Amino acid sequence: MDTSRSADLFRRAQALIPGGVNSPVRSFRAVGGGPHFIRRGSGSRVWDEDGNEFIDYVGSWGPLILGHAHPEVVEALADTLAMGLSFGAPTAGELELAEIITGALPSVEMVRLVSSGTEAAMSAVRAARAYTGREKIIKFAGCYHGHADGLLVEAGSGGATYSVPNSAGVPAAYAGETLVAHYNDLTSVERLFEAHQGGVAAVILEPVAGNVGVIPPADGFLEGLRSLTTREGALLIFDEVITGFRVAYGGAQTLYGVTPDLTCLGKIIGGGLPVGAYGGRREVMEVVAPLGSMYQAGTLSGNPLAVTAGIATIKVLARPGVYDGLESVSSRLAKGIAAAAAETHLPLAINRVGSMMSVFFNSEPVVDADSAMASDRVRYAAYFRRMLEDGVYLAPSAFEAAFVSTAHTVGDVEYTIGAAARALEPHPAQ
Ligand SMILES: *Cc1c(COP(=O)(O)O)cnc(C)c1O
């Protein structure tokens, strides 16, 4: 495969942009080699600057549930584009997206649009603190909620109540306000509530974890968090930046039937342009300025182009049969890869919820961050490189989801299964 143009661009980018990339997940450090610079996408495919074609399972890390350059999204954007780019004044499109979101997610009675998932999670936490008058929050090891200071925190090795920043530059005092529990382990949450009685403003989690690879919630986990937070007077925040409009039209809260107090959205609701949102119970959202005393603002919040792309995307998703189609194509992919793995006797743990899935090189079930991290990264890197050579573009990290879009055909999936069978062969015939 010729990668000379990408290699040249990457060399130049590294001199000007840290690591040559504007988000670290784009770098190929975890899998070796340099990133492919992507020139264009259409449907399930992307083409790099050297003209190589790939079936894409990154989907811009989640937003592109309709695939690349969906004609209805592109057409809606062209209409909006001609009307002006941004006004810093309310527009009808923002109201339409708010109506769509509150209609799809029954727990969301009021919603505020922002420009990224990071802002959505950061603001939801602030709203929870403003509403409860408490300061501590509980998050889960392995869950990602964007890069706000207080959310870049992991459990220290010393015990359940000891938290450390997982980025340089985050003050230890901020990290100390964030308590870290174990995913799918209610007891670890109970212990934190006991140690900080009356001090916890909120529990925030991804209702399906998607940032250490895909980890579904165990039976009773979300329900248990709901009753625990209610009992303790803390808010339950679902970060549905990935799962909103992905695992079901109404997100994970509809799929699992558990109602959070606040919800964070992003990715799909911007259809590939920068948007985020946070919303929830009316009395909680009434703390947000200018109604209430919690400040949060944004020059480009609810940007006309971004809401147009989101609305056009969600309108397609609202049509009958869309999620059934995604489920059947995604299930075929997961089963095909599992069958290919069984042939080669390679232990794989495949986790999938609808159109988000992960293939872990792991002989044990993956149920939390620790079991995910026990997966074989070296094997994943080899698998990733062989898949790429064969024209399948997966996430360049063992701990990310693969996303299926409505543009992925049965033919794409059958090709991918064939490529996986070759990539899983211990000694490929060259
Ligand atoms: C991607 C993501 C975010 C951050 O969104 P950005 O738009 O990248 O800031 C927050 N939470 C979850 C669950 C995400 O997957």
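A: Contact here means heavy atoms within 4.5 Å. The model is predicted, so local features require a pLDDT of at least 70 and side-chain atom pairs count only at pLDDT 80 or more, whereas totals for chains, interfaces and linings use all residues. Residues are numbered from 1 along each chain as its sequence is written, and side-chain values use heavy atoms, with hydrogens and water left out.

Setting aside residues up to four places away in sequence, Y57 touches L333, V392, Y393, L394, A401, A402, F403, V404, H408, D412, V413 and T416. Together with Y383, Y57 has the most contacts inside the largest nonpolar core, which comprises 39 residues. A nonpolar core is a set of buried Ala, Val, Leu, Ile, Met, Phe, Trp, Tyr and Cys residues joined through side-chain atoms within 4.5 Å; buried denotes under 20% relative accessible area, exposed over 50%, and partly exposed in between, with a 1.4 Å probe and protein chains only. Helices (H or I, at least four residues) and strands (E, at least two) are DSSP runs numbered from the N terminus. Another core, of 29 residues, lies apart from the largest one and includes V73, L77, F245 and V307. In soluble globular proteins, nonpolar side chains tend to be buried together.

Burial also extends to loop residues. W61, in the loop between strand 3 and helix 2 (71-81), counts as buried because its relative accessible area is 19%; its phi is near 70 degrees, a positive value in a residue other than glycine. S107, between helix 3 (92-104) and strand 4 (110-114), is buried because its relative accessibility is 7%. The side chain of S107 makes a polar contact with that of Q253 at 2.5 Å. A polar contact is a pair of N or O atoms within 3.5 Å; within protein, one must be able to donate a hydrogen and the other to accept it, and residues adjacent in sequence count only if both atoms are side-chain atoms. N303 is buried as well, at 16%, and its side chain reaches the backbone oxygen of L85 at 3.0 Å. By contrast, P18 counts as exposed because its relative accessible area is 71%.

The ligand is surrounded by S116, G117, T118, Y144, H145, G146, E206, N211, D239, V241, I242 and K267, a residue being near a molecule or strand if one of its heavy atoms lies within 4 Å of it. A polar side-chain atom of K267 lies 2.6 Å from an oxygen atom of the ligand, and a backbone N or O atom of G117 lies 2.9 Å from a ligand oxygen atom. The protein covers 82% of the 380 Å² of accessible area that the ligand has on its own; accessible areas come from the Shrake-Rupley method with a 1.4 Å probe, and for residues only the protein chains shown count as cover. K267 itself is partly exposed, at 25% relative accessible area, and has a positive phi of about 45 degrees although it is not a glycine.
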